[in-house]
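Colleague: I am new to this structure and would like a close look at a single part. Please take me through the place where the chains meet, then follow on into what surrounds that part.

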Amino acid sequence: MRRKALHAVRSLFSPLLPDDYLELINPLWSTRELRGRIERIDQETPEAATVLIRPGFEWTGHLPGQYLRIGVVVDGVHHWRAYSLTSEPGRQDGCISITPKLVDTGKVSPYFVRQARPGDVVRLGGVEGTFVLPDPPPAKILFVSAGSGITPIMSMLRSLHHGEACVDVVHVHSSRDREGVIFANLLNEIERAEEGYDLRLRITGEQGRVAPADLDLLCPDWRERHAYLSGPAAMLEAMCERWERDGNPDLLHLERFQPLIGGELGEGEGGHVRFVKSGVEASCDSGTPILVGGEEAGATLPFGCRMGICHTCVGKLCKGEVRDLRTGEVHGSEGEMIRTCVNAPEGPIEIAL
Amino acid sequence: MNATTTELESPLAHLSEGQLEQLAGEFDEIRDRTFADLGERDRRYIESMIAMQRRLAVLGRVLLLGARYRPAKLAGTAALSMAKILENMEIGHNVLHGQWDWMNDPQINSSTWDWDTASTAEAWKHSHNYVHHTFTNILGKDKDLGYEIMRIDPRQKWNPVYLAQPVYNLLLMAFFEWGVALHDLDFEAIRKGTKSKAQVKRELAGIRSKAKSQIVKDYVAWPLLSGLAMAALDAGLEARGGKRRRGGLAGVVRRAVDGGGRSYRAAASANATANIVRNVWSYAIIFCGHFPDQTHTFKPAEVEDESRGGWYVRQLTGAANIEGSPLFHVASGNLGYQVEHHLFPDLPSTRYAEIAPQVKQVCERYGLPYNSGPFAQQLGMVQRTILRLALPGGTPRPKPGPYRGEDHPAL
């Protein structure tokens, strides 16, 4: 009955959805995709800002430590990025927050840190990630974070701070300089308020980096603790090795941020293509469009003009980057629509065709 | 009739291979420069255009709830007609061309968009974006040259069926939406068997499903809503007014049903009018794109081994612009810049007016025509051609000479 009614209402708006009209009144009312409105932006450091977002009514919540796919428009172009949620689950006001750090060559972090204004509407994708604090939390915890790697830890810490559980936490956090410590005030505040929270701040510009050997000094009982590590790949690898050598790897939990793609690849390297829908795999050399490579490998792909004008051949990029054979420009991010006739893979890619 | 009288010199005959390559470079540069400049203002334009179109549609639909009142019917029909025109022309046609794909928007994207017409987006993208825009004005290959039912070029072979084309021209004008949907099927491909039965079946199912939602929306759902609203209004007014109830409750119901029925019919006829207004308008704009006297057509042999420069010249000379006000250009989806659209089909429509002077400069430098004319003149030429070529024979109309700047009218 309800479905029939919905169907009848929809028939009034075909080929659009009622949502297309509802969102004219309030963009957060769309049920087709989740959106959020920026409520407040707090500058944490000269290069990092906490963005407080009010999600639409469909927000399903998150676990402390998870990250969120978030879509924003920069210079007219829509981009998707993943950021760790820095708010604890179930905030009173229903808001969530992320805390991006400026990447000078990036597109999205400059938007959040420098341009975004309260009232801006963003798209909210899925919440993902297995780097989470269990419920109930372990009794003894070690957090090791560096730089902006503190963001998922912050959500965990906030959730512990607001929770009832009495937990023993040692937190080793590194930052290049003092003014670059994200959440400095909040960390100090929590340390004053919580007897069980012990912050070991390391300013690496003055005191050098935290080495695995330093663990014994910073946290002598580290072997007994559930450890949550988040930071640059080099730090994670070094620490990981220590746990494997003389700790208990079962107690170790890591957040690996994706390495930056590009830069190390030479001009037009070509690459391996996986066509997700058809399951076909193909290799393209530097001058071979994805379309041609796919057809040679036996895939049936949509195609049209084969010169980049008709957009018949577009497919959604799931992974990797591509090179526009007309301009040589390397581009592509997850979810981008790619014309297979004029783009070659740049490294391994996956495309939804 | 002497066969040679139907031959015209190719518009690119005077250009060497080197010149054509250079010309291609110049057009590529215009394209690259414009694409590199796309940004926030373009996004704002299309987003506010879509928002405005939807508000206009809502306004039209709400006014037409009271369609039995003449002023509401007139205003509602006008608003709905305009909304349907914008939806098809400036929004649907251009989004489906991929003109806004650069924004990487999940909704305003050629791969996800659907429009208010009987053609499925998929079939239309094939017949229009691919077949028409790739093989533009090549006799026998561009199915849009007369849409396989009309003879609009003297080099197309005459057939007695064309005697009726002045009549079905008018029918096509009124029911353009349905004509386009059927045209997408590509009857020649079906006849020759180059299209599989399964494919044809799938496309027919697509049209059927879209046709159903088009008909239900405009001729069942909205009129019904109008009828119910007015019946409720009548019953409510009668109850409140405390008038002497002729015929008791049954009388009230009968009068409400009568009033509702009248509203239903009025709303349905208003929707039909809006659809026909939209159909006639898009017919007129689209027929003026390639069928006025100035445009060149090409035989398959002429475009064998065509270079990129040759492709550009074919697009340039195969299309004709319509001169008009900014409002005219928006309402025509900027297809008044048909020349620019055919050179750069996936460039956002808003940029066509901006690049037109650059395109004219290229025409001037390479001794090429820049086809353009006022709306009435272009449409008149098209109608004359349709009437004349219903009969056998006919010769190509004189073509404009090279573009020589604003002060030197061509011809």
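Modeller: The contact draws 37 residues from chain B and 23 residues from chain A. This is a predicted model. Which elements supply the chain B side that touches chain A, with two or more residues each? They are helix H2 (40-65), H4 and helix H8 (197-241) of chain B. H2(B) gives the most to that side, with seven residues. Sorted by class, the side of chain B that touches chain A holds twelve nonpolar, twelve polar and 13 charged residues.

Stay with chain B for its loops. One lies between helix H3 (70-96) and helix H4 (121-134), and B:Asn104 is placed there. B:Asn104 is not a glycine, yet its phi is positive, about 55°. Is B:Asn104 buried or partly exposed? B:Asn104 has 19 C-beta neighbours inside 10 Å, so it counts as partly exposed. The cut-off for a buried residue is 20 or more.

Another loop of chain B runs between H4 and helix H5 (165-174), and B:Tyr147 is found in it. Phi of B:Tyr147 is also a positive value in a residue other than glycine, near 55°. B:Tyr147 counts as partly exposed because it has 15 C-beta neighbours inside 10 Å.

Along the principal axes, the C-alpha atoms of chain A fill a box of roughly 65 × 55 × 40 Å. Chain A has 353 residues, and 40% of them count as buried. Take the contacts in chain A with a separation of 6 or more: 65% of them join residues 24 or more positions apart.

How is chain A divided into domains? The domain assignment gives domain 1 (1-25), domain 2 (33-128), domain 3 (140-147 + 157-256) and domain 4 (271-352). The centres of domain 3 and domain 4 of chain A, taken over C-alpha atoms, are 43 Å apart.

S7(A) is mostly covered, with six of its seven residues buried. Which strands does S7(A) pair with? One is strand S8 (residues 168-175) of chain A; seven bridges join the two, and they run parallel. Within this pairing, A:Ala146 has A:Ser174 in S8(A) as its bridge partner. From S7(A) the chain passes through helix H4 (residues 150-162) of chain A to reach S8(A), and this β-α-β crossover is right-handed. The other is strand S10 (residues 226-231) of chain A, parallel to S7(A) and joined to it by five bridges. There, A:Phe143 stands opposite A:Tyr228 in S10(A).

Two cis peptide bonds in chain A complete the picture. One joins A:Asp135 and A:Pro136, with omega about 0°. A:Pro15 lies in the loop between helix H1 (2-13) and helix H2 (18-25) of chain A.

Key. Residues are numbered from 1 along each chain as its sequence is written. Chains are lettered from A and ligands numbered from 1 in the order in which they are written. This is a predicted model: local features need pLDDT of at least 70, side-chain atom pairs count only at pLDDT 80 or more; totals for chains, interfaces and linings use all residues. Domain bounds come from an automatic or database domain assignment. Helices (H or I, at least four residues) and strands (E, at least two) are DSSP runs, numbered from the N terminus. A residue is buried if 20 or more other C-beta atoms lie within 10 Å of its own, exposed if 12 or fewer, and partly exposed in between; C-beta atoms are placed from the backbone. Two residues are in contact if their C-beta atoms, placed from the backbone, lie within 7 Å. Ala, Val, Leu, Ile, Met, Phe, Trp, Tyr, Cys and Pro count as nonpolar, Asp, Glu, Lys and Arg as charged, and the others, Gly among them, as polar. Two strands pair if DSSP finds at least two bridges between them. A crossover is right-handed if, with the strands pointing away from the viewer, the path from the first strand over the helix to the second runs clockwise.
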